[in-house]
Amino acid sequence: MYIPNAFKFENLADKIAFMKRYSFATIVTCKDQIPIATQLPFVVNGSSEGLSLSGHFAIANEQAKYIEANTSLVIFAEPHAYISPKHYNKKESVPTWDYIAIHAYGRAKIIKDDASKLKALEQMITFYEQSYMEQWQDLSEKFKKGMMQGIVAFEMEITSLQGQQKLSQNKMEEERERIIQHLEKGTNNMEKELAPFIRNLSK
């Protein structure tokens, strides 16, 4: 990832929190030197021992065949917003885009045994909808086994984590405040979500 010095995102705890909040991401892997990609929900596991991601492909998705032999890139990239030059003091200004993005690199390992695959699925349920666990537990073993046979579960140890926060850090405080107010008052929810990141970075 190209990261200008002004936009570095270096705090690990903040990066992990961002990944957990925007955990529907894109995993990219090479097949015969051609990138292939899938959008997936991930469970983000961060601890003092390291950082890992877990998820699963549909069994028919060919990308699963390449994740063990190749390094994959998982891209977390929300929220974002168009920034008009009308917010800047200088007339000689151009439009730009503010955003936050994290690139996580690693080589995945396919989870093959049923017990570990079930554990990974239940971690995902807990992460995304804890209240569904009761319904899941009441499902028949036959149904759950059939569901597990239809997926390829994996875990990916993160070997490199890169982040960028392009949040108008290179602009004057009064310009950033105009940007924040514009985003907060807009109708676009994604733009509204970006506003607090800009404000918090200015503190």
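What follows is a short talk on the pockets, the cavity and a few strands of one predicted model.

Good morning, everyone. Before the details, please keep in mind that this is a predicted model, in which local features need pLDDT of at least 70 and side-chain atom pairs count only at pLDDT 80 or more, while totals for chains, interfaces and linings use all residues. Residues are numbered from 1 along each chain as its sequence is written, and side-chain values use heavy atoms, with hydrogens and water left out.

Let me begin with the empty space. Rolling a probe the size of a water molecule over the atoms shows where such space is left. Here a 1 Å grid is laid over the protein atoms alone; a cavity is a set of points where a 1.4 Å probe fits but cannot get out, a pocket is an open set with protein on both sides within 12 Å along at least five of seven lines, and lining residues have an atom within 4 Å of a point. Points are joined across faces, edges and corners, and a volume is the space filled by probe spheres set on them.

The largest pocket holds about 240 Å³ of space, and its lining is made of N45, S54, K109, I110, I111, S116, K119, A120, Q123, E155 and E157. At least two lining residues come from each of β7 (96-110), α2 (114-128) and β8 (151-166), with α2 giving the largest share, 4 residues. These elements are DSSP runs numbered from the N terminus, helices being H or I of at least four residues and strands E of at least two. By class, the lining has 3 nonpolar, 4 polar and 4 charged residues, where Ala, Val, Leu, Ile, Met, Phe, Trp, Tyr, Cys and Pro count as nonpolar, Asp, Glu, Lys and Arg as charged, and the others, Gly among them, as polar.

The second largest pocket, at about 170 Å³, is lined by H56, L121, M124, I125, Y132, W136, M147 and I151. Helix α2 again gives the most, with 3 residues, but here the classes are 7 nonpolar, 1 polar and no charged.

How many cavities of 30 Å³ or more does the structure hold? There is 1, with a volume of about 40 Å³, and around it stand S54, G55, H56, A120, L121, M124 and A153. Strand β4 (50-58) and helix α2 each give two or more residues to that lining, which divides into 4 nonpolar, 3 polar and no charged residues.

Turning to the strands, I would point to T38, which lies in β2 (residues 34-41). Is T38 buried or exposed? T38 is buried, with a relative accessible area of 12%, given that buried means under 20%, exposed over 50% and partly exposed in between, with a 1.4 Å probe and protein chains only. Leaving aside neighbours within four places in sequence, T38 is in contact (heavy atoms within 4.5 Å) with A25, T26, I27, F57, N61 and Q63.

Strand β2 pairs with β1 (residues 24-31) in the antiparallel sense over 8 bridges, pairing being called when DSSP finds at least two bridges between two strands. In this pair K31 has I34 as its bridge partner, and in the hairpin, with 2 residues between the strands, D32 takes a positive phi near 55°.

Finally, β6 (residues 80-83) has a covered face, A81 and I83, and an uncovered one, H80 and Y82. β6 pairs with β7 in the antiparallel sense over 4 bridges, and D98 in β7 is the bridge partner of A81. Thank you.
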